[in-house]
Each structure stands twice: as C-alpha cells, then as structure tokens.
Amino acid sequence: MIRIHVLILLIAVPVMVFSLDIRANVNTGFDVQSFNSNSGLYPQNLLQDAGVTNQGFDCYVNADIILKSAIGEIGKGFLDVRYTYYPKTFITNVPQQYFNIVEGYADVTTEDFLIRAGKHFMHWGDGAWFNPVDIVDLRKDPLSFTGYNQGKPGADVTVPIGDFSSISALTVVDSMLTTNITDLPAIFQYFLSIDMFDGFVFVDFQQNYLPQYGGNIDYVLAVRNNISLKLYSQIICKENSYREFAAETNGIPYLENMTNSSYIACAAGGSLTFSFTETPLIDGIIIASEYYYDSENWSGGDYKNYLSYIGMLSNNNNLPGYIAALPEEESFRNSKQYIYSGITIQGLFDKDFSLACQGVLNIDDLSFVVYPWVSYQVNLDTSISLGAQMFYGSAGSEFGSLSQQYALNGSLTVSF
Amino acid sequence: MKIWIKGFTGLALVTTVFCSAVYAEEPSGILQKSDKKFIPEIFTYNMTLRTKSADGKVDVVDYNGKKKHENNIMVTLNPVSARGQVNLKNRNVLWSYFPTSDTSVKQSYQAIILGTSVSYGDILAIELSRDYDVQSTAENSSLSNDAAGTNMYYLLALTPKKGVDGYAKIFIWINQANFLPVRREYYALSGLLVKSCEIKSISFNDKGVLSGADELFYEPLKKKETLVTFSNIIVLNDIRDTTFNPKAMKFFSGE
C-alpha cells in the first residue's frame, strides 16, 4: 500500500508544480454506539481478549487539503490529502492520528480519449443501495459515512463517441484480489445514452477467474410537470466466487469455498421525485424502493452455520482462527434477497433543511436496519448532519447478531 | 404570353407576401427568432447565481459552461464545497455529476439547485423553443413595469413539448421591435405563479453577438430571488460533441 501511495505522489506532485488551485475541508464529528459484548458475531467479547476494548464513543477531526492543477491544454492533477485525529476512539489498538491520500490522480483530456490514472473514486450502477454491478468498488460499505470513503487505485481510459456513447477500458486494485500486478483485472465497458434511456454493459477479465459480465439500464420518465419516475435494473453473471461459506457436517461447522458453477446477481428498483413549486413549506420528496437478489450471497442457513462456527472458535478460545474468520462475513451479503426503501425530504420548512430515512430488510431472516438522517446547510460551504443506524432482529439474524444495536453520528463540515 | 408572365409574377408575389405574413405571425417562429437573437448557437460562458433569501442571506454560485445547440455543460467553480460538480443537458436529459462519490444522476427539470431559486432546467435549458410549444400568442401587449409604455410586446403562452419535462405553462414577453425577451412567468399545473424572471439587461458586442446578460428570477412563495449573470461569452464555430457525453462529466469535473 505504501508503494501505491508513493506512486500516486510521484504522479501527482509534479503535476501540481504548475498553477495550483488549493482548497480545504474540515470535518469534525462524533459517533456513539451501543455495544453488546456477547453478540453472535462477537461472542464472549473475544475482541476484548485481543486487546480491543470498545468505548461506545469516539470523536474525530478530519482536515483535507485539496490541490488541483492544470497542465497545458490536456493535463490535470488532483490530490486530496487527509489528516485524521481521534481524541477518543471506539477501539483501543488503532492509531489516533494519521495521514492518508483520499484521492491522487492525473487526468489527460483530449478530444479523442480521456484518461484518469491514480487513486480516485469509482462507482458503477444506478442502485440506491445495492449495486452488484459495481465491480470497481465492490467492497464499499453502504453504511460507512461519506467522510470515511477513499478512492481506489486504478486507471480508466474512456473513448467518447459523439454525445451519446463511449467505450472504456479500466483496471482497479482490489484489496483482497490483487496481490501483484498480474492480478489486475482488465475491464471493458460500453455505455449508451438514448433520450431517456441509458445503460452500459461490461466484461471483466482477471487472472485465475473466469470472466464476469453484466449490464445496467435506467429510464427516466416525466410523469407530470413536477413528478419524475426513474426505473432501473442491473445484472451480473460470474462463474467464480472468492467467497467462502460455513458448512456443517455431523453438527461441526467449517468454512469451505463456494462451489457453484455460476452466480447471478441482480437489482431492480425505482424512485419517484416530486418537486413542490406551489408551497414554501417543502422543495421536494424522493421515494425509492429496490429489490436485490444474489445467488452468491449466503442464505439464512449459511449465516447461522457461520455464527455456529464463530461460536465454536470462541468456545475453543481460538483467537487467531476467529480473527481470520471475521472477514468472511460481509454486510448485506447474508441473505439471497434484500429489499431497500427510502424517503428523502428536501427543503422542509427551511430550504436548507433536509431529512431522510432509509431501511434495508434481510428477507431470509427478516432482520432489518433503519438509517434516519437529517442535515442543515448553514451556508453553501458549511453543513451539519446527524444520522443514526438502528438494527433489529433475533439473536441469530444478520442485524441481530452485530455488536451494535444502534449507532449515532453527528458531523460539521466546513469548506474554504 | 405576357399575360401568363404577369399572372405568374403576381401569383408569386402574393404567395411570397402571404407566406411572409404567416411566418411573421407564426408563434413558434417568434420564439425561435427570439432565442436565436438572444442566445448564440455555440459558445462558452461564465455564469453567476447570486441568491438573496427573505432573511437577507446571500449565496453565490459560479459556473463555467459550454453550450452547443441543445447541449449544455456547466462545471461548478464555487462554492468550494461543490467545486467540480458538473451539470449537463444532453439533448432532453439533465444530468448532475458528483465527484466525491463518482455518481451521475438524472435531474428533474424543476429540481432546485441548492441554495438558489433556480432549477436545473432554468439554467441548462436556456432556449425555450427547443423544449416548449407555443400555445397562443398576442401582439401589442404591454408590460406593467414598462412605465413609458413605448414598447409593444409579443406575449406567448408556452407548454412543454410532448415527453419533455418542464413547467406547466410559461408566459414570455418578447419586445416586438428587437425580438429580445423581457419577462417570463412560470406557472404550476394549478395555475399558480411559481416564479418570474425579468431580463434586466442584455448587452451585445460590436458584431451584434451576445456579450452579457442579467436575469432576475423571483419566487413569490419563498420570497427568494436569484440574479443569473452571463459573462465572458465567447462565440465559437464548434465544440466537439464528445464534450457533452455523460461519461465525460467525470473528466471535466476538475476543470
């Protein structure tokens, strides 16, 4: 990882020598969470045995310095360096302050092709919550707050065709799948936009894996003058899985590789946007809903076996085995099917005040998470937000076996 | 033979005069002529939105933009928190690109731009003749704020073209003498006036090409006004179509 950061700096810093555009963000906030020291995922407080104690409260300051510069007619560099300081952290064995590069890339923009290389944000798909086609950022946690997000190292070469189509070739470093340069994937995407329709198809080649391919399409329709409807769907097909799952033989759980010959994941949903021009009380409402199916995901039974496996390691005081098994569990991948719904209200009573509430239901075990959120825009460069995550479910369910029952987050962001 | 020539010439004249008269009174022709007079086909520009709320708070948003025919792209320069965000009109579709999440979303025509009283449609779809049909027209209309009463105006009633998002109805006053727009009123389906826009000033360079304009949007319900200022207008012969490709927004976000 250090080599990647050095490479990014080597690319970006010379670019910055030219005309510089400098700006900064300061983001400060706090998180509060309940902590269950004997939940399904964290039985018998194993993390505390590993020297990690949960304080239930943290507070932090992030300061971003953002540098941007153009070189001649076609070049551009961008660097976002973040300093993070935690006066108080949730867990005890993490650094309290550190620097990291959130984004650092160079662009080449010509009339015939566009290139971006370095660490940068990448995102695919129109899903409001679930984007199984987002193969360029698969490991993004939908519950992580925006301030924690970082770009991913990679490169994107795009050839636009007129104003309606493009062909892209990409590669991206995945923290779990890329150990050396030959592991880098070669991803090709074709994008097309025709009137209210747009969509893309892609194929992804990677050493040691059979190609995966898929697509995304969306359609926007003006239902009335102040109501618009968006419909979308996406699908990805793959023939390999990097995941393991917990099986059980004679009552003894164990991990093994996924063995299916093919996997399909899809998501489909829609959103209605209402713009209110006839009342000063509200600006707009967005209502969204989404269905997600993934045959590569664990079933409810797999998840229960996994908890049994974790429990067995705990009973045997097998701390290294427990630590190694923890990454096998991935949020929102513990049921074959999920449903997402959300509502966002913009400019309620005050044009600068917005609130939202989102929820995700695990269909296999009927556990769910609710994510309310409010924000106030003090001015165009200053915003305050307060959010919460509330988890509900039985002890053996996905959202009932987490260490938290709720989490709160408040933050103040100032840009200058 | 001479009678034939005279007859043919006379018929041609009558036809020409008739066609000219029809064209002059063709409502969509008036709107197209006004758009053509006011807004160049292909140009780059800077735009500033200065919004004053009822409580006196002033917010300023700056863009630089490129427009070619029905396509228009604007990159946000200020506020700092939104710098690099891109708004695009690609044919009939409005897009926004948010660089901190690498997300492109299609915007509703009437969705309000944060902190202003203008919608994405107001500033991206600036040639009304591309998105609206003329339902009715009246000549020799007057305007209440034209104190001298010396100017006469075309008053056109516009409704969105089929399949195009937009306001339920727009009234536009166009100066009959120079075909420049003077005022617009935007109405909801219920008939309520939701927004008005006064074109405070329009300036042209020596070649008669637009060099700047000030438009004052006012929302009576929210008692909020936004002054939209076009400046640094450079008329070009062409801009590559690829500039307006939705996939290119990501690469223009840093401009």
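Reply: Two residues are in contact if their C-beta atoms, placed from the backbone, lie within 7 Å. The contact takes 45 residues from chain A and 44 residues from chain B. On the side of chain B that touches chain A, 19 are nonpolar, 15 polar and ten charged. (Nonpolar means Ala, Val, Leu, Ile, Met, Phe, Trp, Tyr, Cys and Pro; charged means Asp, Glu, Lys and Arg; the others, Gly among them, are polar.)

This is a predicted model: local features need pLDDT of at least 70, side-chain atom pairs count only at pLDDT 80 or more, and totals for chains, interfaces and linings use all residues. Residues are numbered from 1 along each chain as its sequence is written, while chains are lettered from A and ligands numbered from 1 in the order in which they are written.

Now the strand. Strands (E, at least two residues) and helices (H or I, at least four) are DSSP runs, numbered from the N terminus. Strand S5 of chain A covers residues 114-120, and five of its seven residues are buried. (Buried means 20 or more other C-beta atoms within 10 Å of a residue's own, exposed 12 or fewer, partly exposed in between; C-beta atoms are placed from the backbone.)

S5(A) has strand partners. Two strands pair if DSSP finds at least two bridges between them. Strand S4 (residues 97-109) of chain A runs antiparallel to S5(A), joined by six bridges. Tyr105(A) stands opposite Gly118(A) there. Four residues lie between S4(A) and S5(A), which form a hairpin. Strand S6 (residues 152-161) of chain A also pairs with S5(A), antiparallel, over seven bridges. There, Lys119(A) has Pro153(A) as its bridge partner.
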